[in-house]
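Visitor: I have a structure open and want to go through it with you. Can we take it piece by piece?

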Amino acid sequence: CSSDLWGLWHFSVTIAMYRVKPYSGEMQVDLPRCMYQARSMHTSAGPREQPQQEVVDPSLQALEFRQEEILNRLYELKAAVDGLSKMIHTPDADLDVTSIIQVEEQIPSNTFVPDLDSLLGKDYGALRDIVINANPSSPPLSLLVLHGLLCQRYKVLTAVHTHSSVKNVPEHLLKCFGEQINCSRKEYQLGFTLIWKDVPKPQMKFSIQNMCPIEGEGNIARFLFALFAPEHNAVTLTLIDSWVDTVIFQLKEGSTKEKAAVLRAMNSALGKSPWLVGNELTVADIVGWCAVQQTNGSTAVPANVQKWMKSCENLVPFNMAVKILQ
């Protein structure tokens, strides 16, 4: 009996010691999926561990850059060829532009005197002054010719001065416009002042307060020739500008091959018309004649160009430039 009581007590104590709560529902348990776990090499590196940057060969970079430049140039050439192909298929593509200019009805240059107010704007009571700075080591001959043309159209008050930056200006340059006459400014329509100064290229100012300087002999020549108010169509104006740029940058400042190429082009154009553009003197002829004179005989002058130069020299406005060259 005593043994039964001891067994019953031991059983009750055992039940109380190892009793657990009843389990119900789903419980998430993290179980290992592999024996040796390691960090994945395909994920991005942490903030502390920066990946090593690949060292690119400089020659490879230069090759890639050159390839991109070549591709860009190819795209530009393709676009240019596409534009030319469209022009070829147009009915007027083979028409010579010079033939259009020759049959164009030009207004005679002496039929009227242009109004400065319409060209330059109204200036009440004040004399319109054109001030040009030029280097005596390279005289802008075209501006002297244009000055002579301006004197045929307007009453021009002329003056020549010397800047302190230059010394020993030749006498023929100081008197390039002849003897200066002191008269009242009210009697003139236009003032033309030439200052011999140490400048890299000719500079011009027309309105000191409202205008930035115009630089370059070709650009100044365009401005002065526009004061004659010539009426030309878009094709003629484009050809004039093209000739001015060509003779300035290639004939006057270019190499021997460039000068020879320009003279050949001039000879071809002068074989079709008496002047470079059409049947009248333009600023292209003035700038071109001066550029040929300043080549100093480094390139042989073709026959048509020689004949054209004599035609220019027979005009009165070219006399002063011819005297300076002599």
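Predicted model: local features only at pLDDT ≥ 70, side-chain atom pairs only at ≥ 80, totals over all residues.

Visitor: Which strand pairs with β1 in the parallel sense?
Guide: That is β3, residues 190–196, and the pairing runs over 7 bridges. One of the residue pairs is D129 with its bridge partner G191 in β3.

Visitor: And β4, does it run parallel or antiparallel to β1?
Guide: Antiparallel, with 3 bridges joining β1 to β4, which covers residues 203–205. V131 has K205 of β4 as its bridge partner.

Visitor: Switching to aromatics. How many aromatic pairs turn up in a search of the whole structure?
Guide: The search finds 1. The rings belong to W289 and F318, with centres 5.1 Å apart and planes at 80°.

Visitor: Why is the pair of W289 and F318 edge-to-face?
Guide: Planes over 60 degrees apart count as edge-to-face. The planes of W289 and F318 are at 80°, so the pair falls in that class.

Visitor: Where do W289 and F318 sit in the chain?
Guide: W289 is in helix α10, residues 283–293. F318 is in the loop between α11 (303–313) and α12 (319–325). They are 29 residues apart, and the pair links distant parts of the chain.

Visitor: Is W289 buried or exposed?
Guide: W289 is buried, at a relative accessible area of 0%. F318 is buried too, also with 0%.

Visitor: Now E217. Which helix is it in?
Guide: E217 is found in helix α7, which covers residues 217–226.

Visitor: Why does E217 count as buried?
Guide: Buried means under 20% relative accessible area. E217 has 8% relative accessibility, so it counts as buried.

Visitor: What is E217 in contact with, leaving aside neighbours within four places in sequence?
Guide: Its contacts are P140, L141, S142, L143, P202 and K252.

Visitor: Last topic, the whole chain. How many helices and strands are there?
Guide: The chain has 12 helices and 5 strands. Of its 326 residues, 31% are buried.

Visitor: What about contacts between residues at least 6 apart in sequence?
Guide: Of those, 74% join residues at least 24 apart.

Visitor: And what does the accessible surface come to?
Guide: About 22,900 Å² for the chain, with 55% of that belonging to carbon and sulfur atoms.

Note on methods:
Residues numbered from 1 in each chain as written. Heavy atoms only, no water. Phe/Tyr/Trp six-rings, centres within 6.5 Å; stacked < 30°, edge-to-face > 60°. Helix = DSSP H or I, 4+ residues; strand = E, 2+ residues; numbered from the N terminus. Buried < 20%, exposed > 50% of the residue type's maximum accessible area, 1.4 Å probe, protein only. Pairing = 2+ DSSP bridges. Contact = heavy atoms within 4.5 Å. Areas by Shrake-Rupley, 256 points an atom, 1.4 Å probe, with all protein chains shown as cover.
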